[in-house]
Amino acid sequence: MTTPHPALLLSDRIAELLTDPEAVPSSWSSRPQWRQSLAHGAPGIALLHIERAATGRGPWEPVRAWLSVAARTPVTSGADSYLYYGAPALAHALACAAQARVGSYRQALAHLDRTVAADAVRRCDDALARIDRGDLPMLAEFDAIRGLTGIGVVLLRRDPGGEAIHRVLRCLARLADDVEHNGEALPGWWTPTGPSGKPDADRFPSGHANTGLAHGIAGPLALLALALRRGVEVDGQHEAIRTILAWLERWRDGHAWPYWITRAHLTDPDRRPLAPQRPSWCYGTAGLARAQQLAALAIGDPRLRHNAEHALAAALVDPKALAATTDLSACHGYAGLAHIAHRTAADALPSSAALLRPATALLLDTVHPPHTDPDEQAHRLLATTGPALLEGAAGTALTLLAPATGSTPATRWDACLLTA
């Protein structure tokens with residue numbers, strides 16, 4: 001049996017401090033998005049306790065308490081809902097709980113399944129109409145956080161044979177078709193805005209092509225690959241995966257990829273957009289490499305698999321890349337990197353795994369250095385980052401669990417990160 005890493009003590013202590021929703025300061029719980037936000041509020045904290053309960057590290061009482069907070073008000077659906085907020089967020093949390101306790105939350109999940117599927121169909125209709133008009137997409141149409149990719153995560157888990165997930169996959173496959181814009185052929189995921197989703201005439205006067213896993217084309221790539229690995233396939237899926245992979249290969253610079261491509265980069269192929277950057281989940285090598293590894297496994301490409309795994313291994317020992325990583329968060333910090341490195345190593349070729357496993361151990365040491373007091377560190381994290389999943393203490397605690405114990409997540413909670 002693998003000896004747990006001391007970082008597990010930090011994870012445990014954070015969870016203990018987040019046991020009781022009533023003890024959470026009002027400065028967090030009074031925020032409007034608190035009850036339904038997977039990224040910032042109750043559903044995300046529930047995920048931490050669900051995974052702990054499923055693995056025997058904690059009781060089920062905190063799970064029930066946090067899910068009750070999430071369901072205390074009417075659940076948001078429609079255009080204002082997405083994987084990280086509203087009906088899909090609650091559906092993901094409940095699905096994780098139901099995986100550990102088969103048969104639980106059946107009625108609530110049935111209602112959420114219908115809601116999420118209906119919303120997905122409407123979104124797909126809008127996306128296909130936009131494609132037929134020849135317009136450029138907005139990030140929120142297709143990305144992992146707010147778009148069809150994130151909603152597809154829930155559908156793939158809950159109803160992999162259903163029409164809704166097949167429609168989502170068809171829409172995402174269509175993103176790989178070039179779009180003619182102002183007389184120029186652009187990739188179908190080129191957006192007319194900046195990375196914030198808002199117009200940015202100064203920095204992105206002609207829009208951009210986002211590469212990230214959270215907001216860019218790596219998210220659709222990961223979902224298309226995960227679906228294919230589960231036997232869920234639509235026309236054009238293989239071709240779309242290949243097209244996206246070719247685009248990413250075009251812009252790869254060693255073991256890194258730019259966060260985005262602008263028109264200036266298209267017109268000057270020698271222009272390199274990279275500076276030292278963190279290899280994070282949301283943007284950067286960790287998320288991109290995992291997405292490409294999943295794609296390689298889906299289409300059976302050993303060369304691509306090797307390249308993706310070694311890119312991640314190289315990034316995790318690059319001093320400049322690590323220096324750009326400044327926190328412990330799931331989204332863009334050391335705990336998130338440890339989780340992705342651990343997940344990637346589990347699926348890696350032997351030569352890659354031999355590099356990724358010691359890198360994971362070093363990342364855990366960075367999160368929780370030797371002789372660090374876990375109680376003091378947990379209190380400090382909560383005080384400085386809050387309890388959120390993506391950028392706060394709950395996400396740090398959750399992403400530490402699998403790598404610190406050398407295990408596989410029991411509930412596939414990290415499907416919301418598109419890493420599994």
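Biologist: Which helix gives the most to the lining of the second largest cavity?

Modeller: Keeping in mind that this is a predicted model, the helix that gives the most to that lining is α14, which covers residues 302-315 and supplies three residues.

Biologist: And which residues line the second largest cavity?

Modeller: The lining is made up of Glu249, Arg252, Trp257, Gln292, Leu304, Asn307 and Ala308, and by class these are three nonpolar, two polar and two charged residues. The volume of this second largest cavity is about 40 Å³.

Biologist: How many cavities of 30 Å³ or more does the structure hold?

Modeller: There are two of them, and the largest cavity has a volume of about 50 Å³. Around the largest cavity sit Val153, Leu156, Leu223, Leu226, Arg230, Arg412, Ala415, Leu418 and Ala420, and the elements that give two or more residues to this lining are α8 (148-158) and α10 (218-229). By class, the lining of the largest cavity has seven nonpolar and two charged residues, with no polar ones.

Biologist: Switching to pockets, what is the volume of the largest pocket, and which residues lie nearest its centre?

Modeller: The largest pocket has a volume of about 450 Å³, and of the 26 residues that line it, Asp143, Ile145, Arg146, His215 and Leu390 lie nearest the centre. The lining of the largest pocket divides into 15 nonpolar, seven polar and four charged residues.

Biologist: What about the second largest pocket, where does the largest share of its lining come from?

Modeller: The largest share comes from α6, with six residues, while α6 (106-133) and α7 (139-142) each supply at least two. The second largest pocket has a volume of about 320 Å³, and its 15 lining residues include Ala79, Arg123, Asp126, Ala140 and Glu141, which lie nearest its centre. Its lining divides into seven nonpolar, one polar and seven charged residues.

Biologist: Now for the packing, at what angle do α3 and α19 pack?

Modeller: Helix α3 (residues 42-54) and helix α19 (residues 393-405) pack at about 30 degrees, with their axes 9 Å apart. Because angles under 35 degrees count as roughly parallel, α3 is roughly parallel to α19. The crossing in which α3 passes α19 is left-handed.

Biologist: Which residues of α3 and α19 meet there?

Modeller: From α3 there are Ile45, Leu47, Leu48, Glu51 and Arg52, which meet Ala394, Ala397, Leu398 and Leu401 in α19. The residues of this contact divide into seven nonpolar, no polar and two charged.

Definitions and conventions. Residues numbered from 1 in each chain as written. Predicted model: local features only at pLDDT ≥ 70, side-chain atom pairs only at ≥ 80, totals over all residues. Heavy atoms only, no water. Axes fitted to C-alpha atoms, helices over the stretch in contact; angles between N-to-C directions. Helix = DSSP H or I, 4+ residues; strand = E, 2+ residues; numbered from the N terminus. Parallel < 35°, antiparallel > 145°, perpendicular 65-115°, else oblique. Left-handed = near helix turned anticlockwise from the far one by under 90°. Contact = heavy atoms within 4.5 Å. Nonpolar A, V, L, I, M, F, W, Y, C, P; charged D, E, K, R; others polar. 1 Å grid on protein atoms, 1.4 Å probe; cavity = no way out; pocket = protein on both sides within 12 Å on 5 of 7 lines; lining within 4 Å. Points joined across faces, edges and corners; volume = space filled by probe spheres on them.
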